[in-house]
Every structure is written in structure tokens, then in C-alpha cells.
Amino acid sequence: MATKWVKRVRYLNQKADEIQVRLNGAGRYLAKELNGHQQSERRTDCMWNKAAQRCVVIQEAEYQAQTNFPTMVPERKKSTASATVEEL
């Protein structure tokens with residue numbers, strides 16, 4: 001009777017070892033997936049930070065351009081009644 005229980009415990013230990021191997025593999029896969037998501041999140045944050053910095057640089061450049069080179073409205077040609085089609 002005891003040998004029967006010993007065989008049963010050995011069998012169950014073997015099955016538990018097999019399950020543990022599969023769980024370890026699943027854990028490795030999930031760890032890689034989590035690492036990939038974390039890297040992606042870091043890259044996304046970096047991209048948004050750089051985009052915000054670009055916006056600031058562009059706004060500063062536009063401000064400098066307006067300050068140093070104010071926009072000038074070009075003069076329009078005055079249309080006269082004697083203007084021909086080619087002049088328009």
C-alpha cells in the first residue's frame with residue numbers, strides 16, 4: 001500500500017515539474033512582452049517631449065522673425081477703368 005502512494009507522489013511531482021517548466025516559459029514570454037511595452041512607452045514619451053521642444057523652438061523662431069522682419073503688406077495695383085485684360 002505504501003509503495004502505491006510513493007509511486008503516486010512521484011508521478012504527481014513529475015507532473016508538477018512539467019507544469020513548472022511551462023509556467024517558467026510563459027513567465028519569460030510575459031516578461032519580454034512587458035519589457036517591449038515599457039520600451040515603447042519610453043520611446044513614445046521621448047517623442048512627445050521632443051515634439052513639445054520643437055513647438056517651443058518654432059514659436060520662438062516665429063516670434064524672432066516677426067520682431068526682426070515685420071510683415072509687410074505688398075501694395076496692390078490700382079485698377080483703372082482703362083486697364084486691359086493682360087494687366088489684370
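Is E18 buried, partly exposed or exposed, and at what relative accessibility? I looked up this residue first in my notes on the model, which is a predicted one. E18 counts as partly exposed, because its relative accessibility is 34%.

**Entry: the partner of E18.** I then examined the contacts of this side chain. E18 forms a salt bridge with K15, and the closest N and O atoms lie 3.5 Å apart. That distance falls within the 4 Å cut-off for a salt bridge. I checked K15 as well: K15 is partly exposed, since its relative accessibility is 34%. Side chains of opposite charge can pair when their charged atoms come close.

**Entry: placement of the pair.** I located both residues in helix α1, which covers residues 2-68. E18 and K15 are three residues apart in this helix, so about one helical turn separates them. I searched the whole structure for salt bridges and found one.

**Entry: fold and surface.** Of its 88 residues, 1% count as buried. The accessible surface comes to about 9100 Å², and carbon and sulfur atoms account for 59% of it.

**Entry: cysteines.** A disulfide would be a covalent bond between the sulfur atoms of two cysteines. I also noted the exposure of C46 and C55. C46 is partly exposed, given its relative accessibility of 36%. C55 has a relative accessible area of 45% and is therefore partly exposed.

Definitions and conventions. Residues are numbered from 1 along each chain as its sequence is written. This is a predicted model: local features need pLDDT of at least 70, side-chain atom pairs count only at pLDDT 80 or more; totals for chains, interfaces and linings use all residues. Side-chain values use heavy atoms; hydrogens and water are left out. Buried means under 20% relative accessible area, exposed over 50%, partly exposed in between (1.4 Å probe, protein chains only). Accessible areas come from the Shrake-Rupley method with a 1.4 Å probe; for residues, only the protein chains shown count as cover. A salt bridge is a side-chain nitrogen of Lys or Arg within 4 Å of a carboxyl oxygen of Asp or Glu. Helices (H or I, at least four residues) and strands (E, at least two) are DSSP runs, numbered from the N terminus.
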